[in-house]
Amino acid sequence: MTTNKTITIGAAQFSSEIGDVDANLDRHLHWIARGREAGLDMLVMPELSLTGHYGSENLLDAAMSRKDPRLKRLAEAAGPMAVTLGFIEEGPAAQFYNAAAILCDGQMIHLHRKVNLPTYGKLEEGKHYAPGRFVETCELDGHWRAGLLICADVWNPALTHLAFLHGATLLICPVSSGEEAVGVDFDNPGGWALTCRFYAMIYGAPVVMVNRTGTERDLTFWGGSRIIDPFGRALAVAGSGEEMITATLDYDVLRRARHLLPTVRDSNLALVQRETARLIDTLGVPDFVRE
């Protein structure tokens with residue numbers, strides 16, 4: 001990883017074979033090699049990149065321990081480049097998670113379990129996965145700390161807020177967004193473009209969103225991966241096919257953005273904690289009972 005104020009990021013969007021980890025392993029090695037050839041400091045791949053969106057159909061065979069030798073192989077191939085990928089994690093006591101990991105220098109340096117499991121439209125993740133319970137960040141070097149959230153996590157603003165309060169200076173969003181996933185009246189591509197720009201501008205931090213491509217069963221994946229700077233400007237946007245986009249991020253740009261709009265500085269965490277506790281006690285209780 002870099003120790004400079006700049007960091008070069010790549011986003012590789014591609015399709016995956018449903019439930020076939022070994023076949024998808026070769027695809028990951030291909031993109032890792034491409035990323036290293038390009039001199040990237042970090043390469044981000046889509047949600048559930050090792051299993052495909054519908055990998056849960058083959059859950060018992062597709063699930064992997066964090067110590068799986070195939071993950072170790074990918075971590076070694078990554079070398080000093082940080083690689084973010086998605087897989088089905090089998091945790092203790094046969095609990096299964098939609099997980100994303102950051103690999104670097106032969107090790108797994110960070111793991112996030114998806115917290116917000118969608119159960120609407122054509123999405124049924126709550127049937128297959130246990131929800132994650134933590135929002136943490138991963139230090140990449142002295143300037144860059146990654147907040148890693150998976151797809152629908154980002155549609156819960158509270159989770160994104162937590163990532164930035166934990167000190168994130170870079171938001172990484174591997175996603176699996178199909179055009180038909182939510183419904184014909186919901187514009188997924190437009191929604192993601194707006195969401196990425198919004199978070200970048202509000203928190204004064206780059207956002208890297210990486211989607212998959214191709215089709216799986218009844219879903220068409222539109223690609224559209226993007227790298228956004230701390231002012232909400234698109235540095236690189238992918239089309240609908242397999243490709244890798246890259247951009248170099250400068251910490252001085254983040255400093256300027258946060259000086260102009262100090263959202264993180266002005267977050268009143270004590271108030272949020274107090275009001276959340278009060279809301280938990282009263283939410284759903286009729287007014288006449290509250291009194």
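Met42 touches Thr8, Ile9, Gly10, Met81, Ala82, Thr84, Ile102, Leu140, Leu170 and Ile172, leaving aside neighbours within four places in sequence. Contact here means heavy atoms within 4.5 Å. This is a predicted model: local features need pLDDT of at least 70, side-chain atom pairs count only at pLDDT 80 or more, and totals for chains, interfaces and linings use all residues. Residues are numbered from 1 along each chain as its sequence is written, and side-chain values use heavy atoms, with hydrogens and water left out.

**Cores**
- The largest nonpolar core has 47 residues, and Met42 and Leu170 have the most contacts inside it.
- Helix H5 (residues 188-203) gives the largest share of this core, five residues.
- Another core, of 32 residues, lies apart from it and includes Leu43, Ala62, Met81 and Ala99.
- A nonpolar core is a set of buried Ala, Val, Leu, Ile, Met, Phe, Trp, Tyr and Cys residues joined through side-chain atoms within 4.5 Å.
- Buried means under 20% relative accessible area, exposed over 50%, partly exposed in between (1.4 Å probe, protein chains only).

**Helix H4**
- Leu159, Thr160, Ala163 and Phe164 are buried in helix H4 (residues 157-165).
- They sit on the same side of H4, because they cover an arc of only 135 degrees around the axis, taken from the directions from the helix axis to the C-beta atoms.
- Helices (H or I, at least four residues) and strands (E, at least two) are DSSP runs, numbered from the N terminus.
- After H4 comes Gly167, with a positive phi near 100 degrees.
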